[in-house]
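User: I am new to this structure and would like to learn how to read its features. Could we go through them in turn?

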Amino acid sequence: MKILVKNLGAIKQAEIDLSKKLTVFCGPNGTGKTYLAYLIYSITSLNNKSLGRILDKEYINQLVSNNTTKIEIEANKLWNYREEEVNNIKENLWNLFAVAENKSDKFFSKTEIEIVDKFEDFEKKYYETAFERSVKLFGYNFIISKISNDINIKIDLEDTQIKDQDFLRFLEVALLSRVYSILAFYPIVSSTIFPVERNSIYTFSEELSIRNNDRYEMIKELSSNKHINPFDLLFKRSTRYPQPIRDGLRVAEDLENIQMSNSPFFEFANEIEQELLKGKVSITSEGNVEFSSDKAPRVKLSFHQSSSIVKTLSSLVIYLKHLATKDDLVIIDEPELNLHPDNQIKLTRIFARLINKGIRIVVSTHSDYIVRELNNQVMVASAMESDKLYKVVKELGYLEDEYIRLNDMKAYLFNYKIKKNGEEEKNSEVKPIKLDFHGFDVQTLDDTIEKLNSRSEELFYNLKYNNEDEQA
């Protein structure tokens, strides 16, 4: 799936290929990396999809009676659904980025969003696709599955029967919508984002509570407009924070329930705790995050008392323990946040292991350590094909799944063009970075490192030889 974006924030134009297992955004601050990451999250998030596709009562009755049903869904219906969802996102960019609705035209009137795949390719891929996916709706677990070369979608209800009549009415408008959203954007089924504010979300989740925020917005609007209908405000979505922040707060508020189920990546999350945190992240029965160090396992530290690395990585650990599923897209803004270079390298190796376990990743980074370790893992993938070089890989400490195949990664540089007079253009351009078996180079990082080295050498030699001249 390729997304074409024009005139979004600082970005003049960008075309991003999300079919890759790993996508890397690089470039200076203010060039639009976060804006594009937010947009990708909005397009791929399962919970961001609209409801309203009505499931005929015939199929509802089959689910109630037999716990299973089959629905025929044609590719053109999914294609149209996807177009509608993208258009809906474009119309609600003000909500995504927390801009006042009446100022939407000022910021987004020229914004264009398009999925540039051809229908013929989409149809062929849909027809050939085989998959199975679990969907949970209000405690009921449904298994959505499809076999290759068939357009019949099977829906199975696991382990129970539906008796709640109110839920049946909800199911009519929700279940088919979920099926459409899974199929229309496959192989990305859903997405999770870890913005740079992830520390604050868990640290101040009570103070930044969605419920408290909604109350604040209602009071503010009621006090400013005597004629406003309170019921309109009751159902109006808050825009005080961007959507990724609001969604993160909702997760933080629901940890008490989230901890009750384990994901297929639970054991892998335990490995990350041991390798990076040297301890264990846990959730109390009240839904609070705690950390215990391996050095003092009986001492439980609150999230506020924990170290910066724990605050940075706890959200990822909790996601992998309780929420992650195969075919998810994980978007991480500045993974290097609060991490020593040694831990940046370890985390980069964990990214490789994740993509080889079936999770896609979009990462936006300023870290030369992360870029260089990604390049190492590209070379590791090639080296593993040689018996002689395989031994070298092992000696360097790389595990079996700590590699990145060249065809599984795409990197993009966000930067401003320089005019002839030396000034920067107003809008940034987004260009794919050339990849080869060595990986890729980020020119803006290389330029900064080269300038820093040049200044260091200039200062060193001037200090050294000037001092010698004075002593002579």
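This is a predicted model: local features need pLDDT of at least 70, side-chain atom pairs count only at pLDDT 80 or more; totals for chains, interfaces and linings use all residues.

User: How many helices and strands does the protein chain have?

Analyst: Helices (H or I, at least four residues) and strands (E, at least two) are DSSP runs, numbered from the N terminus. The protein chain has 18 helices and 16 strands. Its radius of gyration is 25 Å, close to the 23 Å that the globule rule gives for 472 residues, so the chain is as compact as a globular protein of that length. That radius is taken over C-alpha atoms, and the rule is 2.2 Å times the number of residues to the power 0.38. Along the principal axes, the C-alpha trace spans about 95 × 65 × 55 Å.

User: What share of the residues counts as buried?

Analyst: Buried means under 20% relative accessible area, exposed over 50%, and partly exposed in between (1.4 Å probe, protein chains only). Of the 472 residues of the protein chain, 48% are buried.

User: How many salt bridges does the structure hold?

Analyst: A salt bridge is a side-chain nitrogen of Lys or Arg within 4 Å of a carboxyl oxygen of Asp or Glu. The structure holds 18 of them. One of these joins Lys124 and Glu128 at 3.0 Å, N to O. Both residues lie in helix 6 (residues 119–128), four residues apart, about one turn of the helix. Glu128 is partly exposed, at 40% relative accessible area.

User: Which residue forms a salt bridge with Asp247?

Analyst: Arg250 does, with the closest N and O atoms 3.2 Å apart. Asp247 and Arg250 share helix 11 (residues 243–253) and are three residues apart, about one turn of the helix. Asp247 is buried, with a relative accessible area of 17%, whereas Arg250 is partly exposed at 36%.

User: Where do Glu402 and Arg353 lie?

Analyst: These two form a salt bridge, the closest N and O atoms being 3.5 Å apart. Glu402 lies in the loop between helix 17 (387–395) and strand 15 (409–418) and Arg353 in helix 15 (residues 341–355), so the pair ties together parts that are 49 residues apart in sequence. Both Glu402 and Arg353 are buried. Salt bridges with shared partners link Glu271, Glu275, Arg349, Arg353, Glu373 and Glu402 into one network.

User: Which residues are joined by a cis peptide bond?

Analyst: The bond between Tyr186 and Pro187 is cis, with omega about 15°. Pro187 is in the loop between helix 7 (165–184) and strand 9 (190–194).

User: What is the phi of Asn67, and what is that of Ala98?

Analyst: Phi of Asn67 is near 60°, a positive value in a residue other than glycine. Asn67 sits in the loop between helix 2 (57–66) and strand 4 (68–72), and is buried, with a relative accessible area of 18%. Ala98 also has phi near 60°. Ala98 is in the loop between helix 4 (93–96) and helix 5 (104–108) and is partly exposed, at 24% relative accessible area.

Terms used. Residues are numbered from 1 along each chain as its sequence is written. Side-chain values use heavy atoms; hydrogens and water are left out.
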